[in-house]
Amino acid sequence: MRQEHKRLQRERRTVAVMIGIYCADHHAATADSLCASCQEFQEYADRRLEKCPYGDDKPTCANCPVHCYKPARREQVKRIMRYAGPRMLLKHPVLAIRHQLDGLRKAMHPKSLSRDQRLQKAGKTPPAEPRG
Ligand code: SF4
Ligand SMILES: [Zn+2]
């Protein structure tokens, strides 16, 4: 199994924290366990992140030109992030600020990347040899 990029790890944690905040305030969940619906949504988000084509250059999902979520899921994640984003600043300020900074990244659509760039992002080839 290839090693997961730091950006993906951070996004996974951010999404989990946001779902946790949303679920704790809206559903009958405890602080450390999600309701069945949010649990299922988190698993969906994890699967999306596993297949994310961006690697370390990942934008936040909200700013992604691909947006690989199904439309209903996309609405769901927007709802969760709108609610949990400002609250995360109080409970997890470092994670929240990193997420804001990650949101400033611009990402090209994967189709615009060359094949070599895509392979490199996926960690399947070493960086190109310097010329000269
Ligand atoms: S929405 Fe974009 S950034 Fe988020 S997991 Fe899907 S492809 Fe990756
Ligand atoms: Zn819930």
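Colleague: In which hand does α1 pass α2?

Modeller: A crossing is left-handed if the near helix is turned anticlockwise from the far one by less than a right angle, and right-handed if clockwise. Here α1 passes α2 in a right-handed crossing. Helices are DSSP runs (H or I, at least four residues), numbered from the N terminus. This is a predicted model, in which local features need pLDDT of at least 70, side-chain atom pairs count only at pLDDT 80 or more, and totals for chains, interfaces and linings use all residues. Residues are numbered from 1 along each chain as its sequence is written, while chains are lettered from A and ligands numbered from 1 in the order in which they are written.

Colleague: At what angle do α1 and α2 pack?

Modeller: Axes are lines fitted to C-alpha atoms, for helices over the stretch in contact, and angles run from 0 to 180 degrees between N-to-C directions. Helix α1 (residues 6–26) packs with α2 at about 165 degrees, the axes being 10 Å apart. That makes the two helices roughly antiparallel (over 145 degrees).

Colleague: How do α1 and α3 cross?

Modeller: Their axes come within 8 Å and cross at roughly 100 degrees, α3 being residues 71–91. The pair is therefore roughly perpendicular (65 to 115 degrees).

Colleague: Which residues of α1 meet α3?

Modeller: Contact requires C-beta atoms, placed from the backbone, to lie within 7 Å. V17, M18, I19, I21 and Y22 in α1 meet residues of α3, including I80 and M81.

Note on methods:
Angles under 35 degrees count as roughly parallel, over 145 as roughly antiparallel, 65 to 115 as roughly perpendicular and the rest as oblique. Two residues are in contact if their C-beta atoms, placed from the backbone, lie within 7 Å.
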